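Thank you all for letting me take a few minutes of the meeting today.

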Amino acid sequence: MSVRSESTGSTAVGEPTGAPPPARWEEARARVYAVGLAAALPVVTRPLAEADGHTLAEPLTPRTDLPAFPTSSVDGWAVRGPGPWRVVGRVLAGSAPEPLAGDGTTVEIATGAMVPEGTSAILRIEDSTRTADGRVDGTPRPAPEWRPTGEEARAGEELLPAGTPVDPGLIGLAASCGHDSLPVRRPPRAALIVFGDELLTTGPPAAGRVRDALGPAVPAWLRRYGCQVRPADVVGPVADTLPAHVAALRAALTGADLVCTTGGTMHGPVDHLHPALQALGADYVVNTVAVRPGFPMLLARLVGDDGRARFVAGLPGNPQSAIVALVSLVAPLLAGLQGRPMPVLPSATLAEPIRGRGSYTHLALVRLDAAAGTAHPVHHVGSAMLRGLAGADGFAVIRPDTTGEAGARVPVVPLPLLPGERPS
Ligand SMILES: Nc1nc2c(c(=O)[nH]1)N[C@H]1C(S)=C(S)[C@@H](COP(=O)(O)OP(=O)(O)OC[C@H]3O[C@@H](n4cnc5c(N)ncnc54)[C@H](O)[C@@H]3O)O[C@H]1N2
Ligand code: MOO
């Protein structure tokens with residue numbers, strides 16, 4: 001069975017004669033997002049405390065009005081009619097009070113307590129005095145001191161759409177809406193296979209051998225995109241033979257929704273990824289992208305025995321190119337698999353010029369100045385280097401057939417960094 005491709009046309013640079021042309025960068029992203037969404041992960045029900053990092057599979061709606069009952073926002077006196085008021089009781093948070101039956105009566109009320117029916121105002125404790133005969137007196141402030149039913153939301157109102165990432169803010173809101181659990185799409189399970197006999201997994205590079213920089217880093221990036229990656233799912237370096245490639249892919253595909261591989265994406269003497277995908281009967285979703293660096297990146301799809309799609313993302317061996325492939329293809333694929341919207345790219349103003357790469361998109365590492373809204377090119381950005389990337393926030397997108405002039409507004413593909421990881 002041969003590997004089929006969704007694109008057609010003439011030969012690309014670095015590809016064997018007869019290979020289809022590389023996909024345009026935007027088009028490749030749109031295509032992988034669409035296939036990811038079509039293969040969106042199953043919906044499961046998770047208790048709130050275990051839902052962080054999942055994705056809402058249905059809109060979030062409150063089970064009741066919010067608040068569900070009129071709620072005092074102060075400690076004070078719920079009064080009825082004009083004062084002074086005779087104290088007839090007390091209502092604390094957590095109980096359903098009797099109505100205030102007669103004018104001139106009051107109950108002591110705590111913050112968060114349900115306001116008794118018949119209440120005309122709430123007088124703050126600090127604004128109140130006592131008359132000689134023990135009645136409460138004072139002037140309620142003009143603004144209401146309680147939160148009316150439904151002030152925050154109405155029962156059944158859509159608060160957040162399906163596809164929203166579940167974060168601690170959403171979890172708190174869901175709890176206040178009365179939910180015990182949520183219908184969510186589970187996080188994607190990812191695996192990594194590192195190819196390359198020249199790679200060392202420990203010690204300094206020497207004698208023609210380099211350190212595997214991707215085996216330790218890619219799982220951490222994948223986790224930032226919401227994937228679960230167990231240590232046992234990181235495999236390699238796998239021997240540079242076709243049977244070893246096929247066996248490693250087959251094993252990884254049994255448990256993972258997405259298998260990333262590094263290296264071997266070209267057609268050199270020990271590049272076995274393409275023949276291995278062919279042996280497994282995979283379809284190409286994308287096979288090479290008109291982007292520099294990262295051109296030989298690919299995404300292939302296999303259908304499992306259960307009828308569900310699994311994906312193989314071929315990340316080029318050059319380390320920076322591998323990360324370009326992650327932000328270019330893997331990020332939109334994972335968004336689709338999780339049923340999330342296509343990531344919207346922020347834009348920034350180039351502080352310095354960045355050259356174009358002819359008919360290819362150029363992804364150029366930049367540092368962002370959030371306050372100024374500017375992007376600053378970094379140094380040491382060769383595709384074999386990681387020095388520039390380790391100090392960058394993301395990649396400026398220099399579109400095909402353009403030059404990034406200083407002052408131009410360009411999209412930026414962010415690295416999935418956590419707050420505080422690039423202090424200025
Ligand atoms: N004839 C052509 N050769 C190459 C072309 C081309 O267009 N025509 N493109 C170059 C580009 S661009 C890239 S990117 C690489 C991609 O090649 P592979 O994906 O097949 O990767 P490898 O050949 O296995 O390795 C390339 C390079 O990266 C180093 N490497 C690999 N894995 C790791 C790792 N885990 N950690 C650190 N470094 C790694 C490897 O030692 C090589 O130096 O192809 C070009 N060739
Ligand atoms: O495009 Mo390669 O991916 O430059 O290093």
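This is a predicted model: local features need pLDDT of at least 70, side-chain atom pairs count only at pLDDT 80 or more; totals for chains, interfaces and linings use all residues.

Is Val366 buried or exposed? With 27 other C-beta atoms within 10 Å, Val366 is buried, because the cut-off for that word is 20 or more. If we leave aside its neighbours within four places in sequence, Val366 is in contact with several residues, including Ala375, His376, Val378, Phe395 and Val412. There is also Gly388, which lies 22 residues away from Val366 along the chain, while the C-alpha atoms of the two are separated by 8.5 Å.

Now let me step back to the whole protein chain, whose secondary structure comes to 6 helices and 26 strands. The radius of gyration is 30 Å, well over the 22 Å that the globule rule gives for 424 residues, and therefore the chain is more spread out than a compact globule. Along its principal axes, the C-alpha trace spans about 100 × 50 × 45 Å. Of the 424 residues, 41% count as buried, and among the contacts with a separation of 6 or more, 69% are between residues 24 or more positions apart.

How is the chain divided into domains? Domain 1 takes in 4-42 + 186-337, domain 2 takes in 51-62 + 156-184, domain 3 is 71-147, and domain 4 is 347-414. Between domain 1 and domain 4 the C-alpha centres lie 24 Å apart, and 14 residues of domain 1 are in contact with 15 residues of domain 4. On the side of domain 1 that touches domain 4, the elements giving two or more residues are strand S19, 291-292, and helix H6, 319-337, and H6 gives the most, with 6 residues. By class, that side of domain 1 has 9 nonpolar, 4 polar and 1 charged residues.

Elsewhere in the chain there is an open sheet of 3 strands, which has the order S2-S12-S3 with antiparallel pairing. Its edge strands are S2, 43-47, and S3, 55-56, each of which pairs on one side only. S3 is joined by 2 bridges to strand S12, residues 181-185, and Thr55 has Arg185 in S12 as its bridge partner.

Finally, which residues are around ligand 2? They are Arg292, Pro293, Gly294, Phe295, Pro316, Asn318, Ser321 and Ser383, and sorted by class this shell has 3 nonpolar, 4 polar and 1 charged residues.

How values were computed. Residues are numbered from 1 along each chain as its sequence is written. Chains are lettered from A and ligands numbered from 1 in the order in which they are written. Helices (H or I, at least four residues) and strands (E, at least two) are DSSP runs, numbered from the N terminus. The radius of gyration is taken over C-alpha atoms; the globule rule is 2.2 Å times the number of residues to the power 0.38. A residue is buried if 20 or more other C-beta atoms lie within 10 Å of its own, exposed if 12 or fewer, and partly exposed in between; C-beta atoms are placed from the backbone. Two residues are in contact if their C-beta atoms, placed from the backbone, lie within 7 Å. Two strands pair if DSSP finds at least two bridges between them. A residue is near a molecule or strand if its C-beta atom, placed from the backbone, lies within 6 Å of it. Ala, Val, Leu, Ile, Met, Phe, Trp, Tyr, Cys and Pro count as nonpolar, Asp, Glu, Lys and Arg as charged, and the others, Gly among them, as polar. Domain bounds come from an automatic or database domain assignment.
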